[in-house]
Amino acid sequence: MNWSGLESLLSGVNKYSTAFGRIWLSMVFVFRVLVFVVAAQRVWGDESKDFVCNTRQPGCTNVCYDHIFPISHIRLWALQLIFVTCPSLMVIAHVKYREGKDQKYVEQHQGCHLYANPGKKRGGLWWTYLLSLVFKAGFDTSFLYIVYRIYHGYDLPRLSKCTLEPCPNTVDCFISRPTEKKIFMLFMVISSALCIFMCICEMLYLIGKRISKLLRIRHENQRLIFADQHELTNIAPPRSQYRRTDPTLAESRLSLNVREKIREETTTTTL
């Protein structure tokens with residue numbers, strides 16, 4: 001399977017993702033896709049060939065293998081990666097729809113744009129992005145539960161007992177490299193759990209940010225309504241009314257007027 005095409009397609013989601021979304025995408029491709037392609041496929045490549053049971057009864061080994069491994073881990077993880085990454089395409093499709101709608105609006109209204117930024121998570125795109133996170137976390141959780149139910153836990157026993165027909169009696173069956181396969185299975189389970197945790201953190205971040213924005217808008221609207229209903233008036237008088245006058249200033253002005261009158265009288269007498 002060509003995972004590079006899927007990686008190049010989903011890398012465009014980084015433009016519309018939050019910091020949690022970028023970390024989630026990096027974890028998916030580094031800790032899951034890369035490990036799956038490079039190592040896991042080689043580890044599980046010999047599971048059918050090297051599955052051995054201590055009997056020569058024809059068909060017994062195949063029946064026991066089908067009972068112990070109802071579905072291959074490799075195929076189950078491939079399905080999981082496809083289902084987990086597909087919800088991100090919902091966001092890309094919604095953004096492309098917005099861009100096309102904005103382009104038609106520009107052509108019809110002489111350069112006026114319908115969206116200032118088609119990739120901004122507002123309105124329907126916000127709900128699409130949140131729904132994609134719910135699908136991602138839901139698919140990962142579902143596959144973890146499927147693995148747990150099919151294999152009765154996250155362990156691979158070294159020895160398995162089989163009593164199915166056409167086996168003549170209870171036979172012992174052995175899988176190849178059980179410890180190595182168990183380590184890889186636990187690694188994939190832990191990486192899936194971390195991806196679920198990142199999706200939950202991103203959902204809480206988006207919801208908390210949306211609630212804080214709505215509360216801020218509501219507070220601003222209430223403030224404007226209060227200002228309209230109660231017109232602001234000058235309740236306090238001007239500051240000049242509270243200015244204290246200096247009593248010595250009036251006396252000095254009075255003495256100055258008296259001196260000027262005396263000077264005028266003296267000048268008239270001399271003339």
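Predicted model: local features only at pLDDT ≥ 70, side-chain atom pairs only at ≥ 80, totals over all residues.
Residues are numbered from 1 along each chain as its sequence is written, and side-chain values use heavy atoms, with hydrogens and water left out. Local features need pLDDT of at least 70 and side-chain atom pairs count only at pLDDT 80 or more, while totals for chains, interfaces and linings use all residues.

**Overall fold**

The chain holds 8 helices and 3 strands; these are DSSP runs numbered from the N terminus (helices H or I, at least four residues; strands E, at least two). From the N terminus on, their order is α-α-β-α-α-α-α-β-β-α-α. Of the 271 residues, 34% count as buried, where buried means under 20% relative accessible area, exposed over 50% and partly exposed in between (1.4 Å probe, protein chains only). Contact means heavy atoms within 4.5 Å; among contacts between residues at least 6 apart in sequence, 76% join residues at least 24 apart.

**Nonpolar cores**

A nonpolar core is a set of buried Ala, Val, Leu, Ile, Met, Phe, Trp, Tyr and Cys residues joined through side-chain atoms within 4.5 Å. The largest has 42 residues, and those with the most contacts inside it are Trp24, Phe51, Cys64, Phe69, Trp77 and Cys173.

H2 gives the most, with 9 residues. Leaving aside neighbours within four places in sequence, Cys64 is in contact with Phe51, Cys53, Cys162, Cys167, Val171 and Cys173.

**Ser160**

Ser160 lies in strand S2 (residues 159-162). Ser160 counts as buried because its relative accessibility is 11%. Not counting residues up to four places away in sequence, Ser160 touches Ile68, Val171, Asp172 and Cys173. The C-alpha atoms of Ser160 and Cys173 are separated by 5.2 Å, although the two residues are 13 apart along the chain.

**Surface**

The chain exposes about 18400 Å², of which carbon and sulfur atoms supply 60%; accessible areas come from the Shrake-Rupley method with a 1.4 Å probe. H2 gives the most to a nonpolar surface patch, with 5 residues. Val37 lies in helix H2 and is partly exposed, with a relative accessible area of 36%.
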